[in-house]
Each structure stands twice: as structure tokens, then as C-alpha cells.
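Look over the sequence and the structure first, then read on.

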Amino acid sequence: MKKLLAVLTAAALLGSALAGCSKAPAKEPEPAENSGTSEETQGEDSQEEEKEPAGSGYKVAFTVPTMNNPFFVDQIAGAQKAADERGIQLLTAGADNAVNQQIEQIEDYITQNVDGMIVHAVDTTGIVTGIEALNEAGIPVVTTAEKPTGGVVTCAVTWDNYQDGYSAGKYIAEALGGEGKVCELSGVAGQQSSREKSQGFQDAIAEYPKMELLASQPAEFDRAKAMSAMENFLQSFDVIDAVYASNDEMALGAIQAIKAEGRMEEIFVMGNDGTADAIQAIEAGEMAVSNATPPFLQGYCAVDMMYRALKGEEIPDTIIEQSTIITKENLDEADHILFGVDEEDWYWVKQF
């Protein structure tokens with residue numbers, strides 16, 4: 001768990017630096033040795049020099065929906081680590097969940113002559129204008145999460161949102177022995193990823209005749225809005241056996257409401273993402289499980305795919321991310337599940 005605490009600290013430092021749209025890395029990178037002007041070495045066995053990261057000189061920009069969500073802070077931290085390792089200058093910005101602002105950011109990065117653009121779209125339809133502007137400028141595009149509905153994308157690093165929701169529904173149903181009353185906190189109404197994940201969850205629950213979906217409420221991936229929605233659930237239903245939230249922030253908001261009502265022992269809470277706060281909640285026995293779709297790895301993978309594209313490598317047009325359910329039983333593996341980016345952990349390479 002040491003690395004999780006380190007990432008929490010890094011995330012706090014990163015958040016304080018975001019106002020200037022130039023973000024701190026997840027860790028302070030090791031200073032690179034100057035391989036061009038090294039001093040003479042002594043002895044026959046001291047001929048080798050440390051080399052700088054593959055000095056690409058590439059400038060890549062990354063825009064995400066918001067910097068006020070731990071998911072995107074972790075995503076940028078992973079991207080920064082990959083950029084540091086590859087000698088890439090990474091520019092980052094949050095769009096305050098406004099697609100028009102995100103398009104303006106893209107247009108600004110075009111004027112800065114970036115070599116590549118990574119986009120986690122606020123809205124997959126609204127962002128198309130920005131993607132097309134990048135296409136016209138000849139700038140390759142890598143996207144994370146769901147793929148935009150138009151424009152040309154070099155590589156989409158994406159989840160199988162339906163499968164993630166379906167797996168969550170199956171997990172909860174099995175945990176309850178196939179019988180129980182559940183509530184759902186979904187994401188943003190009308191958003192593709194939110195819709196697919198919710199459909200998967202509800203389809204899984206429907207396979208169990210003794211499972212009942214009491215209510216489903218969008219809470220926009222926001223902790224405070226989820227807390228309010230959960231308060232309404234608790235007032236409306238005397239019995240709630242489980243709550244599924246399609247991200248960890250909403251699960252944590254639900255937990256706040258449940259704790260306030262003194263009903264923690266009654267309700268099984270499942271989140272999605274595997275954020276550091278969720279891992280702490282699982283360790284504390286407050287959140288039962290999180291279906292980890294690690295944002296740190298997603299950001300790292302996106303930069304790696306952009307780097308390969310800029311070098312002229314042939315890469316897939318889609319990378320499907322892996323997810324892992326984290327429980328109290330496998331917490332000792334959480335650090336590696338969420339942040340493991342050694343070369344042997346590059347699951348995406350197996351999809352080439």
C-alpha cells in the first residue's frame with residue numbers, strides 16, 4: 001500500500017499545479033545523465049554511459065473532462081510517467097466538463113504545433129468538431145474511454161463498458177446469493193459510456209428472477225450528487241441490499257449517505273475504477289469491491305500508443321482495456337493492478 005499513499009500525495013501535488021495547465025508528474029523523474037558531454041571514465045570496465053530517455057522531442061497534448069476528479073488526476077499521472085520515459089513534452093488541461101471548452105483547448109494546442117493529441121472526450125458527439133480540426137491539421141489523435149462518433153482517430157484506448165457493467169451486476173447478484181434489492185447510481189444521462197455500462201448492469205440483474213432493481217439514478221460521476229441521490233434511495237426504500245455505482249466517486253458519495261443513516265451493515269456497495277480513495281474504503285471495510293479500470297494505466301497506455309504512432313509503427317485502431325475486481329481479499333495486489341507499468345505489464349501490446 002506504500003505506492004498507493006505515494007500516488008495520493010502525488011495527486012495532491014498535481015492538483016495544485018493544474019491551474020496553469022502544465023501538470024506535475026506522478027513522481028519526480030530521476031535526473032537524466034547527460035550522455036552527450038560525459039566526462040572521461042577511469043578503468044577498463046567504466047566505458048558505458050547512462051542514456052537519456054529515448055529523446056523523441058515530441059510535444060503531445062492531453063485534454064480530459066475535469067481535473068476535479070481523482071480518476072483524471074491519476075490518468076494524467078500515468079500519462080506523465082510514460083511521457084517522461086519516452087522523452088515527450090506533455091501538455092495537459094481539464095475542460096470543466098464543458099465540450100465547447102475542450103474544443104477551444106484543442107484549437108489552442110493546434111496553434112502550438114503539437115505533434116499529437118490525446119482526448120478523453122466530455123461528449124463523444126460534441127467533440128467531433130475538435131477531432132476534425134486535428135485531422136485537418138494533420139495531427140494524430142489517440143482517445144481514451146469511448147471513441148468519438150466522428151472524425152479520424154489513430155487509436156482508441158477504450159473499455160468494454162457494457163461488459164464492465166454486466167460483470168458488476170453478476171458479481172453483486174452472486175454476492176447476494178441471487179436474491180436481493182439493489183439500486184444503481186449511473187453516470188451522465190445520454191453519455192455513451194454511462195448508457196452502455198448501465199445497460200450491462202441491468203441486463204445482468206435481469207438474469208436473476210429474485211433480484212430486484214429498485215431504482216437507477218444518474219449522478220454524473222460526482223460524489224456530492226451521488227450522496228444526494230443515495231439519501232433519496234434511503235428515504236424511499238426500507239430495504240436496500242446493494243448499491244452499484246459506475247465510478248468510485250459515486251460509490252464514495254453513497255457510502256457517506258449510508259453512514260449518516262447508520263445502515264453500513266445492511267448495504268453492499270460496489271464501485272468502479274479502482275481509485276486510491278476507493279482502495280482505502282475497501283481496506284476500511286466500507287466499500288465492498290471496486291471493478292478497477294485503472295486510470296493510471298489508461299493514461300500510460302495512451303501516451304505509449306501515441307509515441308508508437310509518431311514513430312511510424314503500425315498499431316491497432318482500438319485497444320481494449322483490462323479490468324480487475326478488487327476486494328479485501330486481493331488488496332495486497334492492488335498496487336500492481338493499478339500502477340504496474342513495467343514492460344511485462346503492457347497488456348495492450350498483446351493486442352497488436
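## A buried loop residue

T293 is in contact with F71, W159, D164, N272, D273, Q322 and S323, leaving aside its neighbours within four places in sequence; contact means heavy atoms within 4.5 Å. T293 sits in the loop between β10 (289-292) and α10. Helices (H or I, at least four residues) and strands (E, at least two) are DSSP runs, numbered from the N terminus. At 1% relative accessibility, T293 counts as buried. Buried means under 20% relative accessible area, exposed over 50%, and partly exposed in between, with a 1.4 Å probe and protein chains only.

## The model and the chain

This is a predicted model, in which local features need pLDDT of at least 70 and side-chain atom pairs count only at pLDDT 80 or more, while totals for chains, interfaces and linings use all residues. Residues are numbered from 1 along each chain as its sequence is written, and side-chain values use heavy atoms, with hydrogens and water left out.

The chain has 11 helices and 12 strands. Of its 352 residues, 51% are buried. Among contacts between residues at least 6 apart in sequence, 74% join residues at least 24 apart.

## Nonpolar cores

In soluble globular proteins, nonpolar side chains tend to be buried together. A nonpolar core here is a set of buried Ala, Val, Leu, Ile, Met, Phe, Trp, Tyr and Cys residues joined through side-chain atoms within 4.5 Å. The largest such core has 69 residues, of which L185, M230, I240, M287 and I326 touch the most other members. Helix α10 (residues 295-310) gives the most to this core, with 9 residues.

Not counting residues up to four places away in sequence, M287 touches D248, A251, L252, I255, V269, G271, A278, A281 and I282. Another core, of 21 residues, lies apart from the largest one, and A93, I110, V114 and L134 are among its members.

## Helices α3 and α4

Two packed helices are described by the angle between their axes and the distance between the axes. Helix α3 (residues 99-111) and helix α4 (residues 128-137) pack at an angle of about 10 degrees, and their axes are 9 Å apart. That makes α3 roughly parallel to α4. Axes are lines fitted to C-alpha atoms, for helices over the stretch in contact, and angles run from 0 to 180 degrees between N-to-C directions. Angles under 35 degrees count as roughly parallel, over 145 as roughly antiparallel, 65 to 115 as roughly perpendicular and the rest as oblique.

Which residues in α3 and α4 meet? From α3 come I103, I106 and I110, and from α4 come T129, G130, A133, L134 and A137. The residues of this contact divide into 6 nonpolar, 2 polar and no charged. Ala, Val, Leu, Ile, Met, Phe, Trp, Tyr, Cys and Pro count as nonpolar, Asp, Glu, Lys and Arg as charged, and the others, Gly among them, as polar.

## Loops and positive phi

D96 lies in the loop between β2 (89-94) and α3, and has a positive phi of about 55 degrees although it is not a glycine. V122 is in the loop between β3 (116-119) and α4. With 14% relative accessibility, V122 counts as buried. Beyond its neighbours within four places in sequence, V122 is in contact with P65, A95, N97, A98, V99, Q102 and Q191.

E220 is in the loop between β7 (210-218) and α7 (223-236). Phi of E220 is near 55 degrees, a positive value in a residue other than glycine. Is E220 buried or partly exposed? E220 is partly exposed, with a relative accessible area of 43%.

M250, in helix α8 (residues 248-260), is buried, with a relative accessible area of 0%. The C-alpha atoms of M250 and E220 are separated by 8.3 Å, and the two residues are 30 residues apart along the chain. Leaving aside neighbours within four places in sequence, the contacts of M250 include L185, A219, E220 and F221.

F339 is in helix α11 (residues 334-339) and counts as buried at 3% relative accessibility. F339 and P294 are 45 residues apart in sequence and 7.6 Å apart in space, C-alpha to C-alpha.

## Cysteines

The structure holds 0 disulfides, a disulfide being a pair of cysteine sulfur atoms within 2.5 Å. C301 is in no disulfide, and the nearest cysteine sulfur, that of C155, is 6.7 Å away. C301 is buried, with a relative accessible area of 0%. C183 is also buried, with a relative accessible area of 0%.
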